[in-house]
Amino acid sequence: MTSRIPRDSRLRLVRPRPLAAAPGAVNQRRPRRPAPRPPEGTPAPAELARMARSGLAGAARVARWADAALGPGRDGATDDGKATLSAATAERAAGDLGLTPGQVRADWDTARLAGLVEVHGDSARPGWRLRAWNRDDSAVLRGWVALFDAWSLAHPEPADHEPAAVAEVVSAMPQVLSFLQLSAGPVPVEQLLDLLQQRVTELRTERCEVPYGPRPAEPAEPAPAEDTPLAPLLDWALHALASVGALTYGDGQATLTPLGSWAVWVKLEQICVAAQSPAGNIEQAAEDMLRGCAQLRPNAARAEYRAWLAARPVGSAVSQLIEAARGEDALLRGLAFEALRVVGAPAEPDVRAVVDEPALRPYALLWLAEHDGIDPEDAHEVLTRDEATWLWVDTAAAVADHGEAPMLVRHLESAVQPTVPALLDEVRAVGHPRTVQVLVALAAAHPDPALAKAVRRAAFQVHTGG
């Protein structure tokens, strides 16, 4: 007897996509949380967007100038052929806009942080928010929140302080901002300094770096981060937050602006949403957070990612996600890059840095393609045949570890190869470390005896080096 399925069966071609969630998870609907209302007195979204447009008017103006003058193929490109803000470009923009080169550079930096300009290598182009600037209030507010999140980059940090102390202050400022938001009015700087010192002490205690008991006499050395005065660093942080429009600072007190108060409330709401999840993902390390999100539908998982990111500095969060992606669990690798999609532009340098790592390369290339504006449905075209095959095996490993047999069989249809023999040949050639396990699992799951036999034979050949 012969199988109903030909040995050389054609595979239905579908676009390969990374696994987004564990297929075996039972996605039960939970009661939907009522949409939260902002604190009383918060301006309407349209008014908040008007404020954001006003504060970012200079950045938008420079971004539009760059779009017109530095776009690819235009005569107005810089002398070196690169659409970057070189000294010559800054001088030219200053002349065209009636500004000083220093003002142009400041507005350019703001435009980059707000996502109005995107720089890719040695070229620049307008961000999607600039395209939607005049018609989409939500795009404007997202741009301002991106600038708010990057406040520590918007104002140069003190050069004479320990980097560790600066990092501690950046990590502690969300609690200071939360206190300002709850106070709903001016707060003396002395009170904020007390709160900052308490929070920094907590951070050091969590790292077990606070000394207990008497300490032996030691020779005098440069002051460590624990002895760095925090008052100058608080002054820097408040000035930086004032420079992005999040608060006003003067006369020994600080007050959140309406935009700043609204943004802090949004962050607190994101944290509250995560805190209500069964797994308590907000408190987890990246790997455990991703495992908890594997049980959720894509939209719910993205909400968890946003809340988890809101509770920690972006740089630290991105590093944790990249490290989780380097692990052996292929499911976490795919989920880590889904979380990095939520991060957006701030994650680009870290993602570009891992392009040469074989295990992460296909994921990083897809992320960068989508970040560059390529439709997610077409992003797979940036992968070579070998990279697409490697990603197919990695995704199959995630299905084999966390999914069900029928989905592993369905995954066969997503291969770029037109036939099963071609797929097996190329899977053997790419050298994925999980190739044998994936082929054995596929052979055990597939209902066609002839095809299963061919897959088992391929697994044996890989195992024996044949």
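1. Glu-287, Arg-291 and Asp-329 are joined in a network of salt bridges. The model is a predicted one, and it holds 18 salt bridges in total.

2. Arg-326 takes part in two of the pairings described here. With Glu-323, the closest N and O atoms are 3.0 Å apart; with Glu-357, the N to O distance is 2.8 Å. The pair of Arg-326 and Glu-357 links distant parts of the chain, 31 residues apart. Arg-326 sits in the loop between helix H14 (314-325) and helix H15 (330-343), while Glu-357 sits in the loop between helix H16 (348-353) and helix H17 (361-371). Arg-326 has a relative accessible area of 38% and is therefore partly exposed. Glu-357, at 26%, is also partly exposed.

3. A further salt bridge connects the side chains of Lys-267 and Asp-149, at 3.0 Å from N to O. This pair, too, links distant parts of the chain: Lys-267 belongs to helix H11 (residues 258-275) and Asp-149 to helix H6 (residues 137-149), 118 residues apart. Are the two partners buried or partly exposed? Lys-267 counts as buried because its relative accessibility is 17%, under the 20% limit. Asp-149 is partly exposed, at 35%.

4. Helix H22 (residues 449-464) has 16 residues. Its span from first to last C-alpha is 22 Å, close to the 22 Å expected at 1.5 Å a residue. The buried residues of H22 are Ala-450, Leu-451, Ala-452, Val-455, Ala-458 and Ala-459. Helix H20 (420-430) and helix H21 (435-445) are among the elements that cover them.

5. Thr-435 lies in helix H21. Its relative accessibility is 2%, so Thr-435 counts as buried. Beyond its neighbours within four places in sequence, Thr-435 is in contact with Val-393, Val-427 and Val-462.

6. The count of cavities of 30 Å³ or more is two. By class, the lining of the second largest cavity has six nonpolar residues, no polar ones and two charged ones.

Terms used: Residues are numbered from 1 along each chain as its sequence is written. This is a predicted model: local features need pLDDT of at least 70, side-chain atom pairs count only at pLDDT 80 or more; totals for chains, interfaces and linings use all residues. Side-chain values use heavy atoms; hydrogens and water are left out. Helices (H or I, at least four residues) and strands (E, at least two) are DSSP runs, numbered from the N terminus. The expected span of a helix is 1.5 Å times one less than its number of residues. Buried means under 20% relative accessible area, exposed over 50%, partly exposed in between (1.4 Å probe, protein chains only). Contact means heavy atoms within 4.5 Å. On a 1 Å grid over the protein atoms alone, a cavity is a set of points where a 1.4 Å probe fits but cannot get out, and a pocket is an open set with protein on both sides within 12 Å along at least five of seven lines; lining residues have an atom within 4 Å of a point. Grid points are joined across faces, edges and corners, and a volume is the space filled by probe spheres set on the points. Ala, Val, Leu, Ile, Met, Phe, Trp, Tyr, Cys and Pro count as nonpolar, Asp, Glu, Lys and Arg as charged, and the others, Gly among them, as polar. A salt bridge is a side-chain nitrogen of Lys or Arg within 4 Å of a carboxyl oxygen of Asp or Glu.
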